[in-house]
Amino acid sequence: MKPSFEWVRVKAVERLADKTYLLGYERPDSARSAAPGQFCMISPPEGKSSFFLPRPFSYFRTDGRARVDILFRTFGKATRLMASLRPGERIGEFGPLGNSFTMPGRAEHAILLGGGIGLPPMAMLAGRLAGAGVARIDLIYGELEGARVVKLAATLPENVRLHVATEDGVVGHRGRVTEIFAPMFAKCDRPPAVYACGPNPMMAAVASMITPEAVEFYQASCEQYMACGRGICQGCVIPVWNGDETVYMRCCTEGPVFNGFEVAWTHV
Amino acid sequence: MDPRLKVRALGLEFQNPVLVASGTFGYGDEYYDVMPFSELGALVTKTITREVRKGNPPPRIVETDSGMLNSIGLANVGLEKFLAEKLPWIAEHAGAARVIVNVAGFSVEEFIEVASVAGGAAGVDALEVNLGCPNVKAGYVHFGADPDSVRQVVSGVRAQVDVPLIAKLTPNVTDIAALAGAAVEAGADALSLINTIPGMKIDVERRKPTIAMGFGGLSGPAVRPVGVACVYKVYQQMVSMDHPVPIVGIGGICSAEHALEYIMAGASLVQVGTASFVHPQAARQVIEGLAEWCEQHGVKNISELVGAAHKV
């Protein structure tokens with residue numbers, strides 16, 4: 001499905017946790033075709049823009065027919081404006097954009113790590129993996145503070161095992177997602193498929209804990225300031241190893257999903 | 001095609017006066033399914049240099065109030081690949097739109113080499129010379145900041161190419177009209193202005209500039225009054241010259257009204273830039289808005305309005 005731009009009406013804006021909101025709207029083209037890992041650019045209502053460029057957001061959930069949900073965290077003026085939207089207001093959606101996660105070929109076990117607002121594409125992927133019949137799916141979700149934890153359990157398929165880590169220890173394991181990942185990975189007798197989306201240090205840490213031989217693949221979804229979302233402005237690049245040199249790849253078109261072993265984590 | 005929007009400039013006919021600015025529409029293919037450039041007056045390609053360029057380290061862009069900063073570093077596929085892989089596709093899909101290739105070099109010689117090859121290629125209607133490029137051999141001062149450099153580049157390119165030549169001027173100079181005069185005397189067939197304005201945003205938490213290179217070029221609505229003023233000033237300069245050339249107005253154009261500001265200040269053509277990032281169909285909205293304005297105001301051809309703000 002080619003990406004396209006459309007003005008859509010907000011159906012709901014719901015606060016799910018501290019600074020964390022769900023934006024729901026109907027857009028059949030995206031609901032039918034968006035794959036886990038893909039994203040869209042959201043523009044503010046016309047005449048109400050306190051910001052200028054559209055902002056990229058991963059898809060969190062679609063119903064396959066019309067409804068699209070975006071999970072976002074208030075960070076700056078754009079996300080604060082989004083949190084104040086009311087049902088019926090018109091926002092622009094340009095999408096679906098970017099590449100998407102690969103479904104496992106031989107792995108029967110998928111381990112997903114979502115750090116903070118890196119959660120949305122992981123949650124969508126978990127659902128898709130369950131639908132594809134992957135035998136074991138572990139979703140490790142971490143937040144700095146318990147107050148920010150989105151209650152996911154009820155929305156995930158039954159066979160997705162959810163593990164929560166918070167650095168303040170208010171919810172789940174006190175500490176980081178990598179502390180749950182390390183023992184889990186050590187117990188894998190066959191190479192799992194590993195996916196991550198979150199802060200760069202988290203995704204870099206995962207890369208340092210595994211080897212290409214020990215996993216089917218490691219896919220990391222990356223983020224960068226973005227203007228056009230379509231590969232034109234060349235703004236959203238990240239460094240990726242090409243032999244001994246790094247090359248710049250665009251998060252919006254070559255990504256956002258990259259081979260986690262190829263991203264030059266020391267250079268991002 | 002609306003006859004009221006048809007414009008003749010640079011010895012070429014443009015189906016409308018709305019172009020897209022270099023670096024904001026890639027090579028025409030990325031946006032084609034959303035906004036085919038064949039609807040435009042012309043596509044201006046991303047700047048092409050002799051060698052492929054990786055560009056600057058990230059972060060390369062950041063939004064600022066009513067605009068954005070960028071420091072991409074002229075990342076591009078290089079002349080050879082552009083000619084082999086990009087230009088044939090562009091030429092095939094151009095329809096009634098003109099194809100303008102934006103070229104740059106880091107020395108006068110490189111400028112002339114890139115321009116003479118690109119200017120001689122099939123499917124290229126005109127060249128836009130990016131004078132906002134730093135001169136590596138002269139202490140990284142922008143070519144466009146020095147009248148002698150402007151003369152050397154423009155006259156050097158002029159001697160090698162037959163297609164019309166547009167000199168893209170930077171506003172970061174004491175007297176843009178003097179540089180405009182130098183470009184015209186050296187043989188430019190048109191002037192496009194303005195390029196971005198240097199700016200900086202500091203990330204106060206990290207206590208350093210947000211953009212990796214520190215400085216970035218400011219574009220978007222924030223620069224529009226600067227662009228309109230530069231066009232107005234250069235138009236006055238053109239009126240005083242024996243052989244004035246048309247002006248291409250650039251800087252923060254998001255709507256037909258903005259385009260009209262530039263046209264009335266003296267621009268014969270305009271370029272939509274950063275607005276395409278906000279809405280890929282921004283240029284189409286400008287075209288439709290201009291036709292509507294002409295209709296409402298009984299304007300038979302948009303060219304009647306060029307420089308209207310100067311008439312007393």
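Across the interface of chain A and chain B, 3 salt bridges are found by the rule. The model is a predicted one. One salt bridge joins the side chains of A:Arg230 and B:Asp33, with an N to O distance of 3.2 Å. The count of residue pairs in polar contact between chain A and chain B is 7, both residues of each pair being at pLDDT 80 or more. On the side of chain A that touches chain B, at least two residues each are supplied by strand S1 (4-17), strand S14 (237-242) and strand S15 (245-250) of chain A.

In terms of contacts, 29 residues of chain A meet 32 residues of chain B. The area buried between chain A and chain B is about 2,600 Å², and carbon and sulfur atoms account for 65% of it. Within chain A, the residues that lose the most area to chain B are A:Phe52, A:Ile232 and A:Tyr248, which together make up 31% of what that side buries.

Over all chains, the structure holds 26 salt bridges. Side chains of opposite charge can pair when their charged atoms come close. In chain A, the side chains of A:Glu6 and A:Arg27 form a salt bridge with an N to O distance of 2.9 Å. This pair links distant parts of the chain, 21 residues apart: A:Glu6 belongs to strand S1 of chain A, and A:Arg27 to the loop between strand S2 (20-26) and helix H1 (28-33) of chain A. A:Glu6 is partly exposed because its relative accessible area is 31%, whereas A:Arg27 has 0% relative accessibility and therefore counts as buried.

In chain B, a salt bridge is formed by B:Lys86 and B:Asp29, whose closest N and O atoms are 3.6 Å apart. B:Lys86 counts as buried, its relative accessibility being 18%, while B:Asp29 is partly exposed at a relative accessible area of 28%.

A further salt bridge in chain B pairs B:Glu85 with B:Lys81, and here the closest N and O atoms are 3.9 Å apart. Both residues, B:Glu85 and B:Lys81, lie in helix H1 of chain B with a spacing of 4 residues, about one turn of the helix. B:Lys81 counts as partly exposed, with 38% relative accessibility. In chain A, salt bridges with shared partners join A:Glu6, A:Arg27 and A:Glu93 into one network.

On the surface of chain B, a nonpolar patch is formed by B:Met200, B:Ile202, B:Val204 and B:Phe215, which together have about 420 Å² of accessible area. Of these residues, B:Phe215 is located in the loop between strand S15 (208-209) and strand S16 (216-219) of chain B. B:Phe215 counts as exposed because its relative accessibility is 56%, over the 50% cut-off.

Another loop position in chain B is B:Ala138, found between strand S9 (134-135) and strand S10 (141-142) of chain B. With 40% relative accessibility, B:Ala138 counts as partly exposed. From B:Ala138 to B:Lys46 the C-alpha to C-alpha distance is 24 Å, and the two are 92 residues apart in sequence.

How values were computed:
Residues numbered from 1 in each chain as written. Chains lettered and ligands numbered in written order. Predicted model: local features only at pLDDT ≥ 70, side-chain atom pairs only at ≥ 80, totals over all residues. Heavy atoms only, no water. Patch = residues over 30% accessible without salt bridge, like charges linked within 9 Å, V, L, I, M, F, W, Y side chains within 5 Å. Areas by Shrake-Rupley, 256 points an atom, 1.4 Å probe, with all protein chains shown as cover. Salt bridge = Lys/Arg side-chain N within 4 Å of Asp/Glu carboxyl O. Buried < 20%, exposed > 50% of the residue type's maximum accessible area, 1.4 Å probe, protein only. Contact = heavy atoms within 4.5 Å. Buried area = accessible area lost by both parts, 1.4 Å probe. Polar contact = N/O pair within 3.5 Å; in protein donor to acceptor, adjacent residues only side chain to side chain.
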